[in-house]
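Trainee: I have not seen this structure before. Please take me through it by question and answer.

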Amino acid sequence: MDYSNIVLDQPEAGVYCLTVNRPKALNALNADTLDEIAAAIAQVRCDQAARALLVTGAGEKAFVAGADIAQMQSFGPADAQAFSERGHRALRALEMLPLPVIALVNGYALGGGCELALACDWIIASERAMFGQPEVNLGVVAGFGGTQRLPRLIGRARALELLVTGRIVKADEALRIGLVNQLVAPERLRETGLEVARTIASKGPVAVRLTKQMVQRGQDMDLANACQQEAYAFALTCATEDQKEGMRAFLDKRPAKFLGR
Ligand code: CAA
């Protein structure tokens, strides 16, 4: 598939990398870019051999510096609602993709860019990364899930402080408050992402997919029902050849060879 605003490549077997590619505008998300992100996610979703997705931004300076202010400037309420819903559709598809999605934040992750990173399963960031929800500086509310996913990740008080002050958080603080899982030197970011993706790709694929689905869907359920779902998922994994192979390999003291079925 041809994309103009993103690049979707497969650096290794089973590992996809989606790069937002508008470096002159610091990778700002316009409507076409959001649609291309949604299309790329659908493409990855169709590939049964996909094991992990990395999401990053082109260039040295930015992951994504927000939704496209030039495009939003003339919005009235109806355009704004449609744009916000477009962003929600793309980011929800990312969140619900049944494989781990890791944001590799190489620079500014502001507004819609921070929200894109928040829709990934976790964030690995360069020591130069900066995060923030500066929408209030522009007189608007965060529109791609920032008011919802940020408090769920770092807690209500910290999130609200960032959302209403627009304060920019540097990488070390982002790590301390749990926004980011890991910091690495800028030149190590892609390789670190690939190492993690490789580790994931070496595990039982059905187990990895179901684990993500349990964590995602369980968050919207009460504990008793979520644990019941987990029991079903556990049962399902015990219907796979991979479960037989994984447990036999452990007892034989050798690495498992998983087939994804
Ligand atoms: N939208 C559109 N263009 C953007 C952009 C954005 N969010 N962020 C940067 N750009 C463009 C600039 O307009 C500039 O373009 P020109 O070269 O054509 O002038 C280019 O990218 C480089 O940016 P700067 O010259 O501003 O670079 P800088 O190093 O001086 O500053 C920055 C970097 C601090 C990230 C600054 O660009 C900035 O503050 N950007 C806006 C951040 C922001 O407010 N994001 C939130 C947007 S609202 C939103 O996201 C709503 C939502 O939740 C849906």
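Trainee: In this predicted model, what distance separates the centres of domain 1 and domain 2?
Mentor: The protein is divided into domain 1, residues 6-201, and domain 2, residues 205-252. Taken over C-alpha atoms, the centres of these two domains are separated by 27 Å.

Trainee: How many residues does the contact take from domain 1 and from domain 2?
Mentor: Both domains contribute to the contact. Domain 1 gives 15 residues, and domain 2 gives eight residues.

Trainee: Which three residues supply 48% of the area that domain 1 buries against domain 2?
Mentor: The size of an interface is often given as the accessible area lost when the parts come together. Between domain 1 and domain 2 the buried area is about 900 Å², and carbon and sulfur atoms give 49% of it. On the side of domain 1, three residues supply more of the buried area than any other three. They are Arg 51, Met 96 and Pro 98.

Trainee: Which strands stand at the edges of the open sheet of six strands?
Mentor: The strand order is E1-E2-E3-E5-E7-E10, and the pairing is mixed. A strand at the edge has a single partner strand, so one of its sides is left without a neighbour in the sheet. That applies to E1 (6-12) and E10 (182-184).

Trainee: Which residue in E2 is the bridge partner of Leu 8?
Mentor: E1 and E2 run antiparallel and are joined by five bridges. Their hairpin has two residues between the strands, and Gly 14 takes a positive phi near 80 degrees there. The partner of Leu 8 in E2 is Leu 18.

Trainee: Which residue in E3 is the bridge partner of Tyr 16?
Mentor: E2 (residues 15-20) pairs with E3 (residues 52-57) in the parallel sense, over six bridges. In E3, Tyr 16 has as its partner Leu 53.

Trainee: Which helix packs on the sheet and touches E1, E2, E3, E5, E7 and E10?
Mentor: The direction of this helix makes about 150 degrees with that of E7 (122-126). The helix spans residues 189-201 and is H8.

Trainee: Are H3 and H4 roughly parallel or roughly antiparallel?
Mentor: The axes of H3 (residues 77-96) and H4 (residues 112-119) come within 8 Å and cross at roughly 25 degrees. Angles under 35 degrees count as roughly parallel. The crossing angle therefore makes H3 and H4 roughly parallel.

Trainee: How many residues of the contact of H3 with H4 are charged?
Mentor: Leu 91, Leu 94 and Glu 95 in H3 meet Glu 115, Leu 116 and Ala 119 in H4. Four residues of this contact are nonpolar and none is polar. The number of charged residues is two.

Conventions: Residues numbered from 1 in each chain as written. Predicted model: local features only at pLDDT ≥ 70, side-chain atom pairs only at ≥ 80, totals over all residues. Heavy atoms only, no water. Pairing = 2+ DSSP bridges. Helix = DSSP H or I, 4+ residues; strand = E, 2+ residues; numbered from the N terminus. Contact = heavy atoms within 4.5 Å. Axes fitted to C-alpha atoms, helices over the stretch in contact; angles between N-to-C directions. Parallel < 35°, antiparallel > 145°, perpendicular 65-115°, else oblique. Nonpolar A, V, L, I, M, F, W, Y, C, P; charged D, E, K, R; others polar. Domains from an automatic or database assignment. Buried area = accessible area lost by both parts, 1.4 Å probe.
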